[in-house]
Amino acid sequence: MAVLPHHKCTIRSSQQVPTCRLPFQSCHTRVTCSATTSTKLKPTSNPDQPVIEPRLAISSTPVIPTITTNSPPLLNDSTLQSTWSHRAWVATGCSTVLISLAKSIVAAASCHIWLEPMLAGYVGYILADLGSGVYHWGIDNYGDESTPVFGNQIEAFQGHHKWPWTITRRQFANNLHALARAITFTVLPIDILCNDSIIHGFVCMCAGCIMFSQQFHAWAHGTKSKLPPLVVALQDVGVLVSRSQHAAHHRPPYNNNYCIVKQENKFIYLRYWIKVLC
């Protein structure tokens, strides 16, 4: 029986790697290890206790969940309420329009001319309707809330197509204040610098219709039984945009009836003007 020579390497435990006493002496000891693995998890004392698993990578930047809301505003939402700032702008806008109307009447009376200012007012009425349609068409189809200058209006009009009824819940000054502010800065210089009856006849009618176009729009979404009788009568005769006409704008293919001042007449078609402008 052969006797194996003794090695200078000592094994202190069955789990240690053998170490050599001499720095350059090789070790040839064969160590056989036996291990048994099991996939059975060790039961915990509490079966409802969550199991925490180790993560492979941990980010130092905290992750903030993004909550996306796609619900209509509530009836008592503050965005639908009027503020004193809104009321002030509407009052100022109405004042500038009334001053223009008064100056037109005074100048017409002093010159004894009435037909020309009235015709100018009618032209202003038609152009206000056309302008509201072109503007409505533009912000309905182009841009989003990040668009400079017009972003808030684009977001409001495009959101209006999701929840059309919200416009009937907006308070009066809340609905008109943005247009009233624009009218104030536009009409006030004309009130100060001009005294012509024809110019003021055009300006007061055009500016007034533009400023109140959003209210005409809201009435077009209203229920007939809840609208003032005068408003219903003006809608029926085509002076204001009617409920049935504007309802077609909210039905497929959503590409017509953009005007929100008056009933679109037989001689002026918005599609024709859009083709000319584009």
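In this predicted model, a polar atom of the Ser132 side chain lies 2.7 Å from the backbone oxygen of Asp129. Ser132 is part of helix H2, which covers residues 115-141. The chain as a whole has 9 helices and 0 strands.

**Ser132 and its surroundings**
- Ser132 counts as buried because its relative accessibility is 11%, and buried means under 20%.
- Apart from neighbours within four places in sequence, Ser132 is in contact with Tyr258, Cys259, Ile260 and Val261.

**A nonpolar patch on the surface**
- Leu98, Leu101, Ile105, Trp114 and Met118 form a nonpolar patch on the surface.
- Together these residues have about 540 Å² of accessible area.
- Helix H1 (residues 84-111) contributes the largest share of the patch, with 3 residues.
- Leu101, one of the patch residues, is located in helix H1.
- Leu101 has 38% relative accessibility and therefore counts as partly exposed, a class that runs between the 20% limit for buried and the 50% limit for exposed.

**The chain as a whole**
- Read from the N terminus, the order of elements is α-α-α-α-α-α-α-α-α.
- The chain has 278 residues, and 30% of them are buried.
- Among contacts with a separation of 6 or more, 65% are between residues 24 or more positions apart.

Terms used. Residues numbered from 1 in each chain as written. Predicted model: local features only at pLDDT ≥ 70, side-chain atom pairs only at ≥ 80, totals over all residues. Heavy atoms only, no water. Patch = residues over 30% accessible without salt bridge, like charges linked within 9 Å, V, L, I, M, F, W, Y side chains within 5 Å. Areas by Shrake-Rupley, 256 points an atom, 1.4 Å probe, with all protein chains shown as cover. Salt bridge = Lys/Arg side-chain N within 4 Å of Asp/Glu carboxyl O. Helix = DSSP H or I, 4+ residues; strand = E, 2+ residues; numbered from the N terminus. Buried < 20%, exposed > 50% of the residue type's maximum accessible area, 1.4 Å probe, protein only. Contact = heavy atoms within 4.5 Å. Polar contact = N/O pair within 3.5 Å; in protein donor to acceptor, adjacent residues only side chain to side chain.
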